[in-house]
Protein chains: 2
Amino acid sequence: MYERKIPLTIDCGLHLTREVLNGKWKPALLNALSMEVRRPSEILRLLPEATRRVLNVQLKELENHGIIEKKIYAQLPPKVEYFLTEIGWSLMPMIDAMNQWGDAHRTFLETVIKQDPKVVKTAKSACLAYRQMAVAK
Amino acid sequence: MYERKIPLTIDCGLHLTREVLNGKWKPALLNALSMEVRRPSEILRLLPEATRRVLNVQLKELENHGIIEKKIYAQLPPKVEYFLTEIGWSLMPMIDAMNQWGDAHRTFLETVIKQDPKVVKTAKSACLAYRQMAVAK
DNA sequence: TGGCATAGGGATAAATTTATCTCCTATGCT
DNA sequence: AGCATAGGAGATAAATTTATCCCTATGCCA
């Protein structure tokens, strides 16, 4: 396994939180779990741009950080479900806020992000599924 | 300049927000600016673990994303100040929430983070300055 | 004049994170 | 057999982010 060479900065709450949420798919994963999309295969369908591998890795990290719990059912075919822990749930207000903030400023943000010379192209399509689910409720 | 090879995922608000806040020092920078620590040299003193270079780079990105504004005073020695824009200010509730969440769960988080085999050592010391300033108000 | 403070930025190396590819378990269906 | 579903994980490559180093400029002070 890869071992960090630079000490992790965990001096202030900001850095602690950053460490927990740091991962391309982590906010999306938490969002999915909060909406009861909890089986790996379902999550993958929800986030088609992510590979199974990355999701596994990031789920594992969230689990190690005590944010989610994994339940393995002794069945065949195998069945696994992930659940937010109490601490995991306490993160949701932030996740929701991020979602809302991003949506509220979408037009502006898409414009400035696309002006960035490093960003040659952007991708859309994922997350839409759960957006629709959320709307449906 | 480095040019992205993988399209940026900007489909949902979560990813847009993630893109804006993505950077080791960005939350801390926004926090500093919100507390009126706005000159590069002051910010550097506040975040001694960051190098001048990284702060410049991340400040530039925040500026490009419309989150902060840079004011250059035509003086010698040079004087520069950064300010949160209106949109930048609208991010502060999230930054504050991250700060509070991390602090509220500090004991737990430090424990699980240190159990992570990739994390050999952690660093403390920075951010303390502005924590004290915040308390002072 | 050497050293410090102010501020900025290019080039490059190193660290870290993501992506890709391969292989594994087991059951059931055609 | 061959493919699908369900879930997992090692090895390695590629992409991206951070860290390091070095150089620019002006003015002040000992």
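Helices (H or I, at least four residues) and strands (E, at least two) are DSSP runs, numbered from the N terminus. With that in hand, take residues 12-110 of chain A: this span is 63% helix and 12% strand, and its end C-alpha atoms lie 31 Å apart. UniProt, in an unreviewed entry, gives these residues of chain A the feature "domain: HTH hxlR-type"; its positions follow the numbering used here, feature names are shortened, and annotations may be inferred rather than shown by experiment.

The model is a predicted one, where local features need pLDDT of at least 70 and side-chain atom pairs count only at pLDDT 80 or more, while totals for chains, interfaces and linings use all residues. Residues are numbered from 1 along each chain as its sequence is written, and chains are lettered from A and ligands numbered from 1 in the order in which they are written.

Next come the strands. In chain A, β2 (residues 68-73) runs antiparallel to β3(A), with six bridges between them; two strands count as paired if DSSP finds at least two bridges between them. A five-residue hairpin links β2(A) to β3(A), and Glu69(A) sits opposite Phe83(A) in β3(A). Pairing also crosses from chain to chain: β4 of chain A (residues 122-123) lines up parallel with β1(B) over two bridges, and Ala123(A) has Thr9(B) as its bridge partner.

As for the chains themselves, 57 residues of chain B are in contact with 57 residues of chain A, contact meaning that the C-beta atoms, placed from the backbone, lie within 7 Å. On the chain B side, the largest share comes from α6(B), with nine residues. That side divides into 29 nonpolar, 14 polar and 14 charged residues. Here Ala, Val, Leu, Ile, Met, Phe, Trp, Tyr, Cys and Pro count as nonpolar, Asp, Glu, Lys and Arg as charged, and the others, Gly among them, as polar.

Then there is the DNA. At least two residues each of the surface near DNA strand C come from α4 (52-64) of chain A and from α3 (40-46), α4 (52-64) and β3 (79-84) of chain B. Around DNA strand D there are 23 residues, and Ser41(A), Pro77(A), Lys5(B), Ile6(B) and Lys24(B) come nearest. The surface near DNA strand D has 11 nonpolar, five polar and seven charged residues.

Methods. Near = placed C-beta within 6 Å. Contact = placed C-beta atoms within 7 Å.
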